Amino acid sequence: MTRQQVDGHAFHDGFAKGRASGQILIDASAVRFTNDSASVALPLSGVKARLGGASDRLVFFEHPDYPDWQLYTADRSVLKNPHFQQHKSLSRQVAGARRLRIFNWSVLGSVVGLIIAVPLLLVLYMDTVTGWIAPTLPAEWEESLGESALAQYKIGQSMIESEAINESLDALVAPLLKHADNDRYEFHVYIANDAELNAFALPGGYIVLNSGLLQRAESADEVLGVLAHEIAHVTEQHGVRQVMARAGLVLTVQALVGDVNGIMAMIAAATPALLSQSYSRDFETAADEYGFALLEEADINPNGLVSFFEKIIEEEQARLEEIEDEDSKAVMENIMPLLSSHPATQERIENMQDMIAGSDGRYLTLEKEFLALQQQVREAVAAMPRDDNDDMEKDDLNEDTERNSGES
């Protein structure tokens, strides 16, 4: 059989610093080491082979009859040397060393795979992950967060509040809130002097209905349908979960293993975002479904939420009709659902109608309470002073429009 020669090293007390480089020669009788100053031959019949060094990159040879010598090489091709197959004991050692190396690489590959896969899975299933974490946040902290966000909102927004309006509002929403009660939240409903056909919810149970919604609603069911939808955003913690999803993987993993302090600090710092964020499609769909279940439990007609969605679509279409340029109209048609805090789509309407199809149709009548509140809100809005700054901004806008028309 042919001999194999590779670069190698040897440990021995006779060498300077106890180690020297040289050549390792493997033949039918021994594993040999030679250099300019020394040589040794370890008989194959007693040689022990093993892997060692960083990542098991080195092959070591030892022999019990030569305890002062240890040979090694970085050339792992020696593990396939045919001379080793002639000695069963050495053959088993070599095979074991090769299996160990394969195992170590498999473990390393698995670890690397986990390092890559875990963050990827967290990103892909972030809604599920935040659904696990959010309930671990203290309810008192969540309520404090919502209260703080509402206080910031009130700084730049006039609210419609009076004893009579509050009583009418309570009379309208009480049948729904009675079924929305749970151990975690106490709901608070407010009315903002805002002409937008909209409403929004904040963590901890704070919900704001716009005066525009109350004035343009055609029934109590529309208002309560919107309210049920917003209640679902609260109970499913969509606000904090959406901010949490943007917190980054490090904070999310910390919260996942029980350290919620970082995620709480991040959400608290993002309080202004709670006032302007749009929910994901999955969260909006979930709010539709949970809101529908709440309306059914409270015996309130869920068709009101459908008609609210239809109003939003009609309003968006009216805005589009005001745009004369077809290209601009196409762009606005695409981005309008992204800009809306409650993107109403035909798909959502059809989903609601499918759910309603199985309803028994026995519902409460709250039109008296609704009409009383609607009239009071209209009177309150009419009595509120106009903002001079708004008038100035409108005048400036008109002047700019006239100027631009003249320039063109």
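This is a predicted model: local features need pLDDT of at least 70, side-chain atom pairs count only at pLDDT 80 or more; totals for chains, interfaces and linings use all residues.

A: Residues are numbered from 1 along each chain as its sequence is written, and side-chain values use heavy atoms, with hydrogens and water left out.

Q: In what order do the 3 strands of the open sheet lie?
A: The order is β8-β10-β9, with mixed pairing. Strands are DSSP runs of E, at least two residues, and helices are runs of H or I, at least four, numbered from the N terminus; two strands pair if DSSP finds at least two bridges between them.

Q: Which strands stand at the edges?
A: β8 (188–192) and β9 (199–202); each has a single partner strand, so one side of each has no neighbour in the sheet.

Q: And how do β8 and β10 pair?
A: They run in the parallel sense over 5 bridges, β10 being residues 206–210. I191 stands opposite L209 in β10.

Q: Changing topic, is D288 buried or exposed?
A: D288, in helix α11 (residues 281–297), counts as buried at 4% relative accessibility (buried is under 20% relative accessible area, exposed over 50%, partly exposed in between, with a 1.4 Å probe and protein chains only).

Q: Which side chain makes a polar contact with the side chain of D288?
A: That of R348, at 2.8 Å. A polar contact is a pair of N or O atoms within 3.5 Å; within protein, one must be able to donate a hydrogen and the other to accept it, and residues adjacent in sequence count only if both atoms are side-chain atoms.
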